Amino acid sequence: MEERLELQKKYFESGIESLDEKEILCLILSLSSADFHDAADRLINEYGSLKIIEDADSHLLIKRTGLDVRSAVLLKMIPEISRLYSIKGKKIVSLRSSGTAAEYFSDFFIGCRDEQLAAVCTDKKLNIISSAVISCGSAASVKSSCSKIVSFALDSGADCMIIAHNHPNGRAVPSPGDYASTEMLSSALKRLGIALLDHIIIDTDGTVSMRSLPSPLSLGGENSFGYRTDQTV
């Protein structure tokens, strides 16, 4: 109890920057576990850092360290809350270039250890109508999510769409599968009168706009609605 109160006092008086990683972990776990100090030791010994712990699969956290479910949920919520507030905090209301699209999508993948696919729908003036994470998992792909993306576009009343996915363990370079599935989705949306303007790929170090690459992709068809690709994204 005394250590919990000391950590809370230090946090309230001096902020999160005054705590080291072990203390931050202890403070978080003290909200959900009586043996928070021992639990923090087990997690640090197993994973080495708070960042790796937050990125770890919740089931493995429980299995490998004996962490209780409440504590695992609390730890996994931290990057999710950060992602949510980062997205809502941005004032981007329209996507008229690949650079703006990359900036908008970047926060969707904060804390993601697996691939995720996100999409944003716009009107003809490229004003944002809606956005969502469409699929996630170790093998998330545009191909397996094509029907979900099309349904999302129709439900949103979209004129245009931009999609993005992350490469958490690799470079932001499109694979042959990325090209094939993007073309398939573009064709499906085009038949419904919806333009797929771009596919952004994001890794930890940078982003790539597939529209800007030399490829046979027919993104947007004949009408790009004023959407442009930046020299560097």
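The protein has nine helices and five strands, where helices are DSSP runs of H or I with at least four residues and strands are runs of E with at least two, both numbered from the N terminus. Walk along the sequence and you get the pattern α-α-α-α-α-α-α-β-β-α-β-α-β-β. Of the 233 residues, 44% count as buried; buried means under 20% relative accessible area, exposed means over 50%, and partly exposed is in between (1.4 Å probe, protein chains only).

A quick word on where this comes from. This is a predicted model, so to speak of local features a pLDDT of at least 70 is needed, side-chain atom pairs count only at pLDDT 80 or more, and totals for chains, interfaces and linings use all residues. Residues are numbered from 1 along each chain as its sequence is written, and side-chain values use heavy atoms, with hydrogens and water left out.

**The strand in the middle of things**

Let's look at β3, residues 160-166. Seven of its seven residues are buried, so the strand is largely enclosed by the rest of the structure. In a regular strand the side chains alternate between the two faces of the sheet. Here both faces are covered: C160, I162, A164 and N166 sit on one side, M161, I163 and H165 on the other, and all are buried.

Who are the neighbours of β3? Strand β1 (residues 115-122) pairs with β3 in the antiparallel sense over six bridges, two strands being paired if DSSP finds at least two bridges between them. Across that pairing, T122 stands opposite C160. Strand β4 (residues 195-202) runs parallel to β3, joined by seven bridges, and H199 in β4 is the bridge partner of I163.

S135 and H165 are 30 residues apart in sequence and 9.5 Å apart in space, C-alpha to C-alpha. At 11% relative accessibility, S135 counts as buried.

**Aromatic pairs**

Rings of Phe, Tyr and Trp (its six-membered ring) pair if their centres lie within 6.5 Å; planes under 30 degrees apart count as stacked, over 60 as edge-to-face and the rest as tilted. By this rule the count comes to two aromatic pairs.

| Pair | Type | Centre to centre | Between the planes |
|---|---|---|---|
| Y11 and F12 | tilted | 5.5 Å | 55° |
| Y104 and F105 | edge-to-face | 5.9 Å | 75° |

Y11 is partly exposed because its relative accessibility is 35%, while F12, at 67%, counts as exposed. Y104 and F105 are both buried.

Helices α2 (21-29), α4 (50-55) and α6 (69-89) each supply at least two lining residues, and α2 gives the largest share, three residues.
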